[in-house]
Amino acid sequence: MSTNIGFRYAHTIGLLAQTGRGFSLPVDCALGPEGVLYVLNRGTPTQRNTHVTICTVDGEYRTDFGSYGAGDGQFIWPTAIVVDREGGVYISSESEHRIQKFSPTGQFISKWGTPGGGDGEFDGPASMVFDRDENLYVVDHLNSRVQKFTKEGKFLLKWGTKGEGEGQFNLPWGIGLDTDGNVYVADWRNDRVQKFTSEGKFLAAYGTSGDHDGEFHRPSSVAIDQDGNMYVADWGNNRVQVLGPDGRFRIKLLGDAGLSKWAQEFLPANPDYMEARATAKNRETERFLWGPTAVKLDTAGQLYIVDSCRYRIQIYRRSY
């Protein structure tokens, strides 16, 4: 296991836009084959601009899919997005209590899930993750539990109840797996990350409430690298923290973003925006994270932070 850990800011993807080349309150992202990046835009109920942006990790815009609504291929309050080995795209939505599957280019394929507390039912499904056998773990947010399914939606198992004890949850949101198949859950309201076996046996808990190193205020996402380090989107503290396999604090990221390529191309063509930026106060705060909702890692250890309230993704490269 590597004992040193550090990161170098790489670049930013993003720009505030209702459709097309830009994001609108992005809440999650997923990495597809050949450098494709899917960004889930939650949008707002008034603008009704919910959709998925397809681009590349280098910032090349491809297309959009999805729209606001409760029909097939639509969402009202989407929460998470994942991609299987064949490139199939899965999206959970807490308002419709379901999961939908799409082709790699965004064509609707299937759906499953109904409201409720029974096996295979949901009350606000949130984050998802595939294991090596392509079974899908889903955080059942308002039911305070985790459910496990086949990729076709067949229920396999569940665990968790509402509470503060070991193996209990209070509004859980994020989920991730380590290389051994252990499951990590960002227990949002309990301000901690819990670790379980693949069958739901409690193993450990990390973190307490607060804003010091190793403490959390509403953690929303967790990812684990090959060395067992935990990357946690500390949403309420506007930062990402990295904990070692033992749960000890390693480092934190507060944000380093400059203008994205999209913004560099957009701003010169829009003099009103350029003028507003020139007169804005405290522009140095622009680089910092604001409401990071999700963290993802690629096979090279590159870190993607969904910087929701700044409508962008900040990308870092690991330095050993």
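**Reading the sheets, core and cavity**

Mentor: Let's begin with an open sheet of four strands, paired antiparallel in the order E12-E13-E14-E15. Strands here are DSSP runs (E, at least two residues; helices are H or I, at least four), numbered from the N terminus, and two strands pair if DSSP finds at least two bridges between them. This is a predicted model, where local features need pLDDT of at least 70, side-chain atom pairs count only at pLDDT 80 or more, and totals for chains, interfaces and linings use all residues. Residues are numbered from 1 along each chain as its sequence is written, and side-chain values use heavy atoms, with hydrogens and water left out.

Trainee: Which strands stand at the edges of this sheet?

Mentor: Strands of a sheet pair through backbone hydrogen bonds, either parallel or antiparallel. Here E12 (125-130) and E15 (155-159) each have a single partner strand, so one side of each is left without a neighbour in the sheet. Inside the sheet, E13 (residues 136-140) and E14 (residues 145-149) pair over five bridges, and Leu-136 has Phe-149 in E14 as its bridge partner.

Trainee: What is the order of strands in the open sheet with E1?

Mentor: That open sheet of four strands runs E1-E26-E25-E24, with antiparallel pairing. E1 and E26 are joined by eight bridges, and Gly-14 stands opposite Arg-312 in E26.

Trainee: How many residues does the largest nonpolar core have?

Mentor: A nonpolar core is a set of buried (under 20% relative accessible area, 1.4 Å probe, protein chains only) Ala, Val, Leu, Ile, Met, Phe, Trp, Tyr and Cys residues joined through side-chain atoms within 4.5 Å. The largest one has 15 residues, and Ile-13, Cys-29, Leu-37, Val-39 and Ile-313 have the most contacts inside it. Elements giving two or more residues to this core are strand E3 (36-41), helix H1 (261-266), strand E25 (303-307) and strand E26 (312-319).

Trainee: And which residues lie nearest the centre of the largest cavity?

Mentor: A cavity is a set of points on a 1 Å grid over the protein atoms alone where a 1.4 Å probe fits but cannot get out, and lining residues have an atom within 4 Å of a point. Of the 14 residues lining the largest cavity, Asp-28, Ser-127, Ser-221, Ala-294 and Lys-296 lie nearest its centre. E24 gives the most to this lining, with three residues.

Key: Buried < 20%, exposed > 50% of the residue type's maximum accessible area, 1.4 Å probe, protein only. 1 Å grid on protein atoms, 1.4 Å probe; cavity = no way out; pocket = protein on both sides within 12 Å on 5 of 7 lines; lining within 4 Å.
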